[in-house]
Amino acid sequence: MCPVSASNNKMAMIVAIFDSHFGCVVNRRIPEDPNTWEISYDFNIGKQRMDMLFNSAFAEITRRGKKEFDEIVIVIGGDNCDGDGSIFKSQIHHLEADPMRQIKLFTSALMDNAERCSHFVGQKGSVNMYGVVGNHGEMRGMPTMRPLTDNWDRNAYIWIDSILLRDQEKYNKLTNVKFLHNRAYDHPHLAFRVKGHSFLGVHALPRNLISPSSKLKLMNLEKLYPGLKIILTGHYHEGLITSAGDVRIIRVGTPVGPNDYSDELLIYSSGPEQALVVVAQENPLVSYIPVQFGV
């Protein structure tokens, strides 16, 4: 059964957090001086951008009228931590810390903002949180730990569950919390409902959505989840919104911004960004708001 949010004449704000890659350090050449490099992403920048994302959500709710909202939905799309190194041998990432510290810093940044959401919604509001695992957090050399703990994202979600058990009063507004623990390539679709509408959180869909195989995959998803309205997805470090039949597909982007992966895929147009989605009972997509963090 899909987790269900309240359905009334109030609106909900979805805060989508995908491909945070806490732990990786990205260095980029300064355009004005190709011989000079600067850090364009690390823990501190990742935390700042997550805070900016939630600040943007609060600002949009306030702009539209706080009394018009009664729910914030946090959707976490995987690749939250960079893990113990690149999943591709051709890619070399400078890691800022070991995976367990990555998990600690990611969950700390996330739960700080979840607490802010709890205060923001007030007595009559609610905060829901849903998450799927990505592929970048796959553990290496740990076959005995499979299948329950072989992904650093999954370990982050276990950590969050323990925080919620320990501090129930602090996070008492989190009424629905569900994490999908399947690996990124093993039926990774987390279904949930917002204001009566059917949503999916998926770490990765095919990049070419109009190929015959992609169309078949999307048709199967629509059969599996009748009434599906919106898919939130990531993986390609590219922010965009498109349609496939009656389903809107939102690629959330990444707070990391351009790196060797996006360069390899020839994605030059998408800077660091995440996404907000405003949902109402009469409309599953009142507004899609890409939150951009500069270059």
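Predicted model: local features only at pLDDT ≥ 70, side-chain atom pairs only at ≥ 80, totals over all residues.
Residues are numbered from 1 along each chain as its sequence is written, and side-chain values use heavy atoms, with hydrogens and water left out.

H2 spans residues 99-121, and its axis lies 10 Å from that of H3 at an angle of about 50°; axes are lines fitted to C-alpha atoms, for helices over the stretch in contact, and angles run from 0 to 180 degrees between N-to-C directions. Helices (H or I, at least four residues) and strands (E, at least two) are DSSP runs, numbered from the N terminus. The crossing is right-handed, meaning that the near helix is turned clockwise from the far one by less than a right angle. Contact (heavy atoms within 4.5 Å) involves residues including Met-100, Ile-103 and Phe-106 of H2, together with Trp-152, Trp-159 and Ile-163, among others, of H3.

H3 (residues 152-166) also packs on a sheet, where it touches S4, S6 (126-132) and S7, and its direction makes about 155° with that of S7. That sheet is open and mixed, with six strands in the order S7-S6-S4-S1-S13-S14. Pairing here requires at least two bridges found by DSSP between two strands. Strands S7 (174-180) and S14 (283-292) each have a single partner strand, so one side of each edge strand is left without a neighbour in the sheet. From one strand to the next, the twist averages 15°.

Within this sheet, S1 (residues 11-17) and S13 (residues 273-280) are antiparallel and share five bridges, with Leu-276 of S13 as the bridge partner of Val-15. Helix H1 (residues 43-64) lies across S1, S4 (69-76), S13 and S14, and runs at about 165° to S1.

Five of the six residues of S10 are buried, that is, under 20% relative accessible area with a 1.4 Å probe and protein chains only. S10 runs parallel to S9 (residues 197-202), to which five bridges join it, and Val-202 stands opposite Thr-233. Four bridges link S10 to S12 (residues 247-252), also in parallel; here Ile-231 faces Ile-249. S9, helix H4 (residues 212-224) and S10 form a right-handed β-α-β unit: with the strands pointing away from the viewer, the path from the first strand over the helix to the second runs clockwise.

Methods
Buried < 20%, exposed > 50% of the residue type's maximum accessible area, 1.4 Å probe, protein only.
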